[in-house]
Amino acid sequence: MINPQELYREINVLENSIQPNEAKANNIRKLFEKLLLSIIATDSVDKHIPLYKLINFYTLQKNGQNIQYICLRLKDDLNHWSHHQNDRLNDSDLNDYFARFKNIVRVITGKTDTSSENTIKEFSLDDINLNPKQKEAVQSDNKITLVNAGPGTGKTYLIAGRILEEIRKNPNQKIFGLSFTNKASDGLQHKIDDRIYSTNLIDYRDNILTGTIHSFTLNMIQQYYESREQAFDFIVIDEAEFKDIQDEFGNNTEKIELYLTENKMLTFDKIITMFINTMKNNEEFQKFVADKLDEIIIDEAQDLDKLQYEILYLLYLNNKDLKLFFVGDQRQNIYAFKGGSLNNRLEYFKDKKDLSIVNLEHSYRCPQNILSFVNHFEFSDCKNIELNNAAGLEGNRLTIEEYDDKEDEGTAIAKLIKSQKEEGAKLSEIAIIYTSTFYFKEILEAFNAFEIPFKVFGGQYFIDPHIRLLRLVLNLIYTNNSYALKSIQTLLISNELEGKNIDEVLTPLADMDVSKKENYRTLRTILRFTKEQQNNKEKTPLDIVTKFIELAQKEKLFDAKILESFYSLKMIIENDLTLDNYNKFKLSFTPNHPELGQFYSRSDEIVPSEFYEKSGEYVTVTTVHSAKGLEWDYVIIPGMAQDSFPRWFSDDEARKKELPNEVKKFYVACTRSKSHLYFTRPKRITVKSKKNGQYYTFDRVVSEFVARLK
């Protein structure tokens with residue numbers, strides 16, 4: 001490896017040179033390549049390999065998952081100045097490149113710069129440009145802080161600022177940033193890395209952890225087991241796998257619970273209950289967890305259910321110095337059907353003497369016309385804190401467009417998108433949002449007719465069976481779990497051989513003539529591979545997937561299309577090596593994961609896009625739940641007719657109970673827009689009777705949500 005001090009001297013000479021800023025950026029890139037080549041250099045490494053591949057080589061060889069994102073981010077920034085010769089780079093951005101690169105060198109080499117005075121700036125809240133209310137929240141010294149953060153109020157920047165400010169005040173603090181989804185968790189970690197690699201706080205990055213409540217609780221239990229040198233041999237199953245078990249036992253709760261217990265299987269809910277029970281009954285575990293936490297920051301606090309709030313209460317109860325920092329918005333609580341609510345905290349955190357409440361009032365997303373519209377909404381369980389556009393952007397008057405039927409509505413939306421594209425809008429800036437996927441059929445047919453590529457998000461999914469097989473192989477290798485063994489057999493040979501472990505199942509397979517039973521040959525080959533990998537102490541998911549592909553090719557177990565899906569999985573892990581951790585890998589496998597989602601197919605009937613290309617632009621067509629946390633320049637909400645949005649209610653009691661949830665979904669849908677918001681509706685709809693197959697047409701009045709816009 002290159003001498004770190006020599007590299008630092010080269011960086012400092014470059015920084016103080018009279019070269020143009022753009023040339024300095026290009027030379028930082030060359031020094032970056034030089035550093036990585038010196039670390040991974042072998043005779044087999046191409047010296048002209050692209051920088052992104054050098055970064056991935058490094059992270060693979062040196063277990064550098066935690067630095068992969070920031071290296072790739074700096075690479076992207078530096079590449080700009082190789083491809084845009086006429087652009088001009090300002091001093092501030094250049095200084096940021098130097099700071100990030102020096103900190104990357106420091107992390108990679110483990111050496112600090114001794115050749116000159118440290119030129120990396122100290123972290124300051126002023127660099128984040130927080131408004132007064134945000135700064136008030138970030139600087140709160142109360143043990144419990146609640147931030148009411150409406151749509152677009154900059155909560156992710158606020159959370160990142162809170163974490164870094166707390167680390168600045170006390171570098172030895174251990175802080176956990178809790179998010180509702182893996183995607184949100186990754187986004188928070190990236191925001192933190194973007195800031196911390198530009199400052200002098202880089203040495204304390206490992207004191208900051210992010211994740212979901214499920215990953216947090218599971219990791220704590222596993223770490224505790226490891227500290228006691230006990231095997232944690234449970235298997236985590238997803239909703240689809242749990243549904244298979246429910247169907248197998250006819251939804252008999254007692255039999256299902258017994259089966260899960262005997263096979264050491266954990267649903268996401270069982271991870272939560274396991275943590276709670278351990279916290280309540282194990283004082284040693286209480287101390288173990290308390291020693292690892294000084295503050296927990298909870299994003300999307302309105303989506304946590306009572307059990308999840310109980311976890312936070314138990315952590316608070318057993319750690320007198322623990323701080324809790326809640327960020328949420330009850331108006332965006334669209335997971336009430338799962339028990340989520342910001343008001344759940346009132347059951348556990350009743351003492352107000354340690355509580356500080358801050359209401360954010362400025363939105364950096366929606367123009368004022370949209371904010372004024374949603375400011376008039378009434379909510380049954382919370383105040384509607386008025387929001388104002390931070391930049392004073394007014395926006396255009398909101399209207400609702402009406403059409404004869406859904407076909408005309410779909411055609412009009414397609415024409416609108418075509419005209420927007422002709423005026424310079426990108427398809428990636430456009431979204432169609434509705435409460436469920438059933439409404440999209442006519443719109444998607446119109447998109448195909450007008451050659452508009454689209455991608456649908458939301459609804460029900462099932463995983464590709466061969467990717468599921470590979471997941472089960474990983475489960476069996478890491479946990480030796482009997483359910484995984486049984487499921488592998490069911491997938492390959494449609495039944496279960498006698499035997500409770502791999503050896504017992506392999507016994508009859510060893511004596512069997514499998515020359516004419518290809519599936520049995522595949523099963524035997526895979527189980528032998530699995531047993532071999534169980535004895536590999538250095539195994540990682542990427543290593544196992546790579547060897548599995550090599551085996552499948554050599555033994556001709558699968559056709560080229562299936563092998564291609566395995567290769568895609570391998571590439572995803574290589575490009576995001578945080579997934580090369582088994583726990584992260586298994587908890588990240590969801591339809592909404594930006595990369596792993598490609599292995600899921602829709603279980604409901606939906607019109608496929610005839611013009612969608614994976615690498616190209618497309619219009620997002622999404623349910624409200626899948627749109628949560630996202631934003632687009634152009635948002636179109638179709639179906640704004642009574643009994644559609646809000647949905648039909650069977651009686652007044654049902655309306656009283658469910659209308660508040662419909663209001664919240666509409667609030668979330670409207671506030672996804674950064675610029676233009678459109679409402680459309682059909683005057684009549686035609687439905688097919690499930691009883692006799694006949695079609696019936698019904699008139700629809702305008703939705704009560706938008707009636708005042710007429």
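**Close-up views of a predicted model**

**View 1. The open sheet of the predicted model.** Six strands make up an open sheet with parallel pairing, in the order β3-β2-β6-β7-β1-β8. At its edges lie β3 (208-212) and β8 (355-359), each of which pairs on one side only. On average, neighbouring strands of this sheet are turned by 15° against each other, direction ignored.

**View 2. Pairing of β1 with β7.** Strand β1 (residues 144-148) and strand β7 (residues 323-328) run parallel and are joined by five bridges. Ile144 stands opposite Leu324 of β7.

**View 3. Helices α9 and α14 on the sheet.** Helix α9 (residues 213-227) lies across β2 (175-179) and β3, and runs at about 115° to β3. Helix α14 (residues 306-317) also packs on the sheet, where it touches β1, β2, β6 (295-298) and β7. The direction of α14 makes about 155° with that of β7.

**View 4. Helix α1 and its packing partners.** Helix α1 (residues 4-15) consists of twelve residues. From first C-alpha to last, α1 reaches 16 Å, close to the 16 Å expected at 1.5 Å a residue. Its buried residues are Pro4, Gln5, Leu7, Tyr8, Ile11, Asn12, Leu14 and Glu15. These buried residues pack against α2 (21-40) and α5 (91-109). An α-helix has 3.6 residues a turn, so residues three or four places apart point the same way.

**View 5. The start of α1.** A side-chain oxygen of Asn3 reaches to within 2.9 Å of the backbone nitrogen of Gln5. Gln5 is also one of the buried residues of α1.

Terms used:
Residues are numbered from 1 along each chain as its sequence is written. This is a predicted model: local features need pLDDT of at least 70, side-chain atom pairs count only at pLDDT 80 or more; totals for chains, interfaces and linings use all residues. Side-chain values use heavy atoms; hydrogens and water are left out. Helices (H or I, at least four residues) and strands (E, at least two) are DSSP runs, numbered from the N terminus. The expected span of a helix is 1.5 Å times one less than its number of residues. Buried means under 20% relative accessible area, exposed over 50%, partly exposed in between (1.4 Å probe, protein chains only). Contact means heavy atoms within 4.5 Å. A polar contact is a pair of N or O atoms within 3.5 Å; within protein, one must be able to donate a hydrogen and the other to accept it, and residues adjacent in sequence count only if both atoms are side-chain atoms. Two strands pair if DSSP finds at least two bridges between them. Axes are lines fitted to C-alpha atoms, for helices over the stretch in contact, and angles run from 0 to 180 degrees between N-to-C directions.
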